[in-house]
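Let's take a walk through this one together.

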Amino acid sequence: MSEVSRRVPAAEWHDAVAAAKAEGYDYFDWLGAVDQIGRPGEFSENEFEVMVRLVDLETDRAVMVRTVIPRDAPRLASIADLFAGAGWHERESGELYAIEFVGGDPRRLLLSDDYVGAPLRKDAVLAARAGIEWPGAKEPGGAPSRRRMVPPGVPEPEIWGDRDPAAGDPDPEQVSESAVGGRVRRRRPSTGSGDSTGSGDSR
Amino acid sequence: MSHGAIRLIEANCTSCMICARECPSWCITIDSHTEPIADLPPGARERTTNVLDRFAIDWSLCMFCGICVEECPFDALEWASDPVAAATRSGRLVHEIEDLTDEQ
C-alpha cells in the first residue's frame, strides 16, 4: 500500500482532511496525537503533533495528514463532521493531551470525570512514584551509589516536587525530560550557575 | 511457550540490576554483595565478584510484559508455562529465589 504524508498548517486542518476525503481517501483509519516537547529541529519547542490516517480502499493507498498545534493553546477543528468515527479518537486524544477539538464532542471517553491532568503529556509526572523507593537505585554488589539514579517518569526533586514554592511552576520541558532519553540518567540540573561542562544530559 | 511466570536461573545472574531498572512496574528487587574471588592464580591482583543475596519478583505488581526476560544479557530469566499460584495475601505473591528458580 502506498503511503503519503502531508503536513498542513493547523488552520487548514479541516479543509485538508476534507480535500483528502474528496480525493478518494474516504476510509478513516485513526487519529492520534504526539507530545513533541523538547524536540527542537523538526518541531518548535512546544508543540503537539496531531495526525490522521485515511485510506483509499479502492486503489489501496493511504495518506497521513499531520499538523502541529501549540502546547499552551491546544485547539484544533474537529473532523467528526467528515468522519463520524473520528469523534471517538478526538475524545480520546482530547482528554489524554487536553486538546480542545473545536466543534467536536467535549465529553471524556476513557478517563473518569474526577481525573485531574492530561496523562499523555510528557510533563505529566508519575507522582505516586516520587514517594516510593525505586528498586533500580541500588548498584550491583550493594555498594553505595556514586551517581544519582533517577527512575524514568520521576524528575529530580530540584525540578519537580521538593522545591521552593516561590520559584513558580516547574518548567514543563525540564519535567518532560524525565520521561524521555535514557532509563538511567546522569543529569545536572540545567539551572546550574553557568557551568558549561554540565551538558551531560543525554543518557 | 505460554507466559505464565518468569523463572530465574540463579547461576546465570550477575546481579547487574538491569532487569530491576528496566522493569516498568518496579516489581523486581535485588540485593547483592561483593566477595573476593578465591582461586586466583598466584600474583594476580585481587578481584571481587557480585554475589546474589535476594532476587524477588512481586507478582502482584508484575504485568508480564517480559521486558526483564528480553533485557537480561546473561539469560538468567526465562518464561515458565505454569501460572503463578494464587495466594490469600498480596505479600505471599512476592516470590524469592527459591520460588523463582522453581517456576515450571
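We'll start with confidence, move to the interface, and finish with a sheet.

What you're looking at is a predicted model, so let's check the scores before anything else. Overall, the model comes in at ipTM 0.79 and pTM 0.67. Chain B has an average pLDDT of 92, and 100% of its residues score at least 70. For chain A the average is 82, with 84% of the residues at 70 or above. The stretch to watch in chain A is residues 180-203, where the pLDDT is below 50. Even so, the model gives that stretch 38 contacts beyond near neighbours in sequence, and those deserve a careful eye.

Now for the place where the chains meet. Chain A brings 16 residues into contact with 17 residues of chain B. Between them, about 1,400 Å² is buried, and carbon and sulfur atoms supply 53% of that area.

What about charges across the interface? There are 2 salt bridges between chain A and chain B. One of them can be picked out by name: Arg21(B) pairs with Glu139(A) through their side chains, at 3.5 Å from N to O. On the side of chain A that touches chain B, the residues sort into 7 nonpolar, 3 polar and 6 charged. Polar contacts link 6 residue pairs between the two chains, counting pairs with both residues at pLDDT 80 or more.

To find your bearings along β5(B), look for His95(B), which sits opposite Ile57(B).

How values were computed:
Residues are numbered from 1 along each chain as its sequence is written. Chains are lettered from A and ligands numbered from 1 in the order in which they are written. Side-chain values use heavy atoms; hydrogens and water are left out. Contact means heavy atoms within 4.5 Å. Buried area is the accessible area (1.4 Å probe) that two parts lose on being put together, summed over both. A salt bridge is a side-chain nitrogen of Lys or Arg within 4 Å of a carboxyl oxygen of Asp or Glu. A polar contact is a pair of N or O atoms within 3.5 Å; within protein, one must be able to donate a hydrogen and the other to accept it, and residues adjacent in sequence count only if both atoms are side-chain atoms. Ala, Val, Leu, Ile, Met, Phe, Trp, Tyr, Cys and Pro count as nonpolar, Asp, Glu, Lys and Arg as charged, and the others, Gly among them, as polar. Two strands pair if DSSP finds at least two bridges between them. Helices (H or I, at least four residues) and strands (E, at least two) are DSSP runs, numbered from the N terminus. pLDDT is the predictor's confidence in each residue, from 0 to 100.
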